[in-house]
Structure formats: structure tokens, C-alpha cells
Amino acid sequence: HVNVLPASFTITAHIIQTEGSPSDYYGVSFYFKNGTQAETAYAFLITSGGKYVLLKYPGQSQPTNLGPYGTYQHVQGLGKENTLVVSVANGQITCSVNGDAAGHIQVPTDPQFQGGIVSLVVTGPNATYVASELKLEDH
């Protein structure tokens, strides 16, 4: 039995990309549901090359970019730990990397995205990641 996400929470993930391309995305997804028709979720992702994005996967269609794709100087490079934090409270999503708000991404949550679970997301061929912690705190 897996517990679903509460209405307000904070996710903290400590992740290192040890091998692979610096353009491979990794991070966390939340409100993840795998239904009979399609998967729905939000995903906050970064690259070791310094890019970040907040995506919304609404089901069968392509994901929607909720925050500007950008380069962020606070992302640590290949072989170094990055701490990703996602907070959901009062219908807002706020994301940060290494203690600093990533591009000040703050967007309203979609009412259809409720419950679900948290998961790690990793991409890329021949890429290796080490996650030392994935923590969920209820508000």
C-alpha cells in the first residue's frame, strides 16, 4: 500500500549525476499517477550543465513547460551533489536548487492533480545517478 501525497508538502532530494552527458535531465516528479489511459504528474528537472524546467504531464499529450527553460548558476556540475526542493502549499508550487529559488518558478497547482506519489526521474543513455536522500515532509 502506497500513501498518496497530502495537500501541502515539501520534497527534498539529494542527487549526484556521476556519469553521462551534462545535458541529461534528472529530478523529482510528484502527483504521479499511472492510470489505465495515461500518466499524469509534475516534474522538476535539472541537468548537470545547469538547466532547469518544471513540466506538467497532463496525460496523453506532450508535457507543458510551466517555467522558463533556463540556465541556472547554482546547479552543481557532473559528479557534485544537487539538492532539489519542491514545496506545494496553498495551491502553489515553488522549486529551488541548492537553497536558491530556481528562476523563481512559482505556479498554481491544477485541481485535477491530487494524490499520486513522489518518484525520482533520471534520463539519458549511459548515465549514472546516486540519490542519497528523498524526503517527504507533510505541512
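This briefing covers strand pairing, the nonpolar core, aromatic pairs and some loop residues.

The model is predicted: local features need pLDDT of at least 70, side-chain atom pairs count only at pLDDT 80 or more, and totals for chains, interfaces and linings use all residues. Residues are numbered from 1 along each chain as its sequence is written, and side-chain values use heavy atoms, with hydrogens and water left out. Strands here are DSSP runs (E, at least two residues), numbered from the N terminus. β1 pairs with β7 and with β11. The largest nonpolar core holds 25 residues.

**Strand pairing**

- Two strands pair if DSSP finds at least two bridges between them.
- β1 (9-19) runs antiparallel to β7, joined by 8 bridges.
- Across that pairing, Ile-15 stands opposite Asn-82 of β7.
- β1 also pairs with β11 in the antiparallel sense, over 10 bridges.
- There, His-14 has Glu-133 of β11 as its bridge partner.
- β7 is joined to β8 by 6 bridges, and these two strands run antiparallel.
- Val-88 has its bridge partner in β8, namely Ile-93.
- β7 and β8 make a hairpin with 2 residues between them.
- In that turn, Asn-90 has a positive phi of about 50 degrees.

- Burial is set by relative accessible area: buried is under 20%, exposed is over 50%, and partly exposed is in between (1.4 Å probe, protein chains only).
- β1 is mostly covered, with 8 of its 11 residues buried.
- Thr-10 lies in strand β1.
- Thr-10 counts as buried because its relative accessible area is 11%.
- The side chain of Thr-10 makes a polar contact with the side chain of His-139, at 2.5 Å.
- A polar contact is a pair of N or O atoms within 3.5 Å; within protein, one must be able to donate a hydrogen and the other to accept it, and residues adjacent in sequence count only if both atoms are side-chain atoms.
- Contact in general means heavy atoms within 4.5 Å.
- Leaving aside neighbours within four places in sequence, Thr-10 is in contact with Val-85, Val-86, Ser-87, Lys-135, Leu-136, Glu-137 and His-139.

**Nonpolar core**

- A nonpolar core is a set of buried Ala, Val, Leu, Ile, Met, Phe, Trp, Tyr and Cys residues joined through side-chain atoms within 4.5 Å.
- Phe-30, Tyr-31, Phe-44, Ile-46, Val-86 and Ile-93 touch the most other members of the largest core.
- β1, β2, β3 (39-47), β4 (51-58), β7 and β8 each supply at least two residues of this core.
- Val-86 touches residues including Phe-9, Ile-11, Val-28, Phe-30, Phe-44, Ile-93 and Cys-95, not counting residues up to four places away in sequence.
- In soluble globular proteins, nonpolar side chains tend to be buried together.

**Aromatic pairs**

- Rings of Phe, Tyr and Trp (its six-membered ring) pair if their centres lie within 6.5 Å; planes under 30 degrees apart count as stacked, over 60 as edge-to-face and the rest as tilted.
- By this rule the model has 6 aromatic pairs.
- Tyr-26 and Tyr-129 form a tilted pair, 5.2 Å centre to centre with 50 degrees between the planes.
- Tyr-26 is in strand β2 (residues 25-34) and Tyr-129 is in strand β11, so their pair ties together parts 103 residues apart in sequence.
- Tyr-26 is buried at a relative accessible area of 0%.
- Tyr-129 also counts as buried, at 17% relative accessibility.
- Ring pairs also link Phe-9, Phe-30, Tyr-31 and Tyr-42 into a cluster.

**Loop residues**

- Asn-98 has a positive phi of about 55 degrees although it is not a glycine.
- Asn-98 sits in the loop between β8 (92-97) and β9 (100-108).
- Asn-98 is partly exposed, at 27% relative accessible area.
- Asn-126, likewise not a glycine, has a positive phi of about 55 degrees.
- Asn-126 sits in the loop between β10 (117-122) and β11 (128-138).
- Asn-126 counts as exposed, at 71% relative accessibility.
- Leu-78 is in the loop between β6 (70-71) and β7 (81-89).
- Leu-78 is partly exposed, with a relative accessible area of 41%.
- Leu-78 and Ser-21 are 57 residues apart in sequence, and their C-alpha atoms are 8.4 Å apart in space.
- Leu-78 touches Gln-17, Thr-18, Glu-19, Gly-20 and Ser-48, not counting residues up to four places away in sequence.

Technical notes
Helix = DSSP H or I, 4+ residues; strand = E, 2+ residues; numbered from the N terminus.
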